[in-house]
Amino acid sequence: MNIIPAENYNDLSQKAAKFIIEFVQSKPDAVLGLATGGTPEGTYKYMVEDFNHNKTSYQNVRTVNLDEYVGLPVENPNSYHAYMYNHLFKHIDVPEGGCHIPNGMAEDLDAECKRYDQLISSLGGVDLQLLGIGHNGHIGFNEPGTSFEKRTHTVELTRTTRRANARYFDSLDEVPTHALTMGIKAIMESRQILLIASGKDKAEAMRRLIKEENISEDFPASSLQAHSHVTIIADREALSLA
Ligand code: GLP
């Protein structure tokens, strides 16, 4: 794993954006795997800023997002559809039809998971997957204990994850109990992975990811130790125990 330390959240966001922008410049038809959460917001902000100044084009880029809540319509501001549109898609020239996110409103969730897996393979797989990390080591919404053999699947969110994400909702009760997520198997098939982490509250997860050599389904991010092309960009606080 290649670890790029950053001073703080702003520096991390600039470095992560530069990494993605250079990737797209070298492969203008890249398939980007994208993530949500608080951490990538700054990265997307700097990608938009670069688009406005340097016109890095995303016209031939295709995107696939990691996950989506079950039961939140796309118009709901807390849906990951709304998040991606507001933070990135509406600001750059990526074609709307080229941006894919699991449909958490599908009537048949199993069929939706299969459709999403087929879609990823029809795009030729993910070239660069951006990841955040949850406090319990979840990536995407793959909670501890999830089999590493799964592709896109439905998950029940843990109370910790729902509580961590409750800051965006009016109350904990409003946080969906389930989500669709790309599985570890699909994430591991990405040709390159960029994981970003910021802040003291991620320090323990980063310590386990970087320092412990034990690959275990109890700590989903540990799967990345078996991937040959992972870059971590994390700030000083997130790396303080690593
Ligand atoms: C959510 C997302 C993850 C994200 C995690 C951490 O659970 N599904 O993809 O990595 O939160 O989010 P944050 O960056 O807000 O700490």
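Trainee: Where is D11 found in this predicted model?

Mentor: D11 is found in helix α1, which spans residues 9-26.

Trainee: Why is D11 called partly exposed?

Mentor: D11 has 16 other C-beta atoms within 10 Å, and since a residue is buried at 20 or more and exposed at 12 or fewer, with partly exposed in between, D11 counts as partly exposed. Leaving aside its neighbours within four places in sequence, D11 is in contact with A6 and D235, while its C-alpha atom and that of T43, 32 residues apart along the chain, are separated by 9.7 Å.

Trainee: What makes D67 count as buried?

Mentor: The cut-off for a buried residue is 20 or more other C-beta atoms within 10 Å, and D67 has 22 C-beta neighbours inside 10 Å, so D67 counts as buried. D67 is found in strand β4, residues 67-69, and its contacts, once neighbours within four places in sequence are left aside, include Y80, P102, F141 and M182.

Trainee: Is E143 buried or exposed, and how do you know that?

Mentor: E143 has 21 C-beta neighbours inside 10 Å, and therefore counts as buried, given that the cut-off is 20 or more. E143 is found in the loop between β6 (128-131) and β7 (153-156), and, with neighbours within four places in sequence left aside, it is in contact with H138, V155, L157, T158 and T161.

Trainee: Which residues does the UniProt annotation "active site" cover?

Mentor: According to that annotation, which comes from an unreviewed entry, they are D67, N136, H138 and E143.

Methods. Residues numbered from 1 in each chain as written. Predicted model: local features only at pLDDT ≥ 70, side-chain atom pairs only at ≥ 80, totals over all residues. UniProt positions renumbered as here; feature names shortened; annotations may be inferred. Helix = DSSP H or I, 4+ residues; strand = E, 2+ residues; numbered from the N terminus. Contact = placed C-beta atoms within 7 Å.
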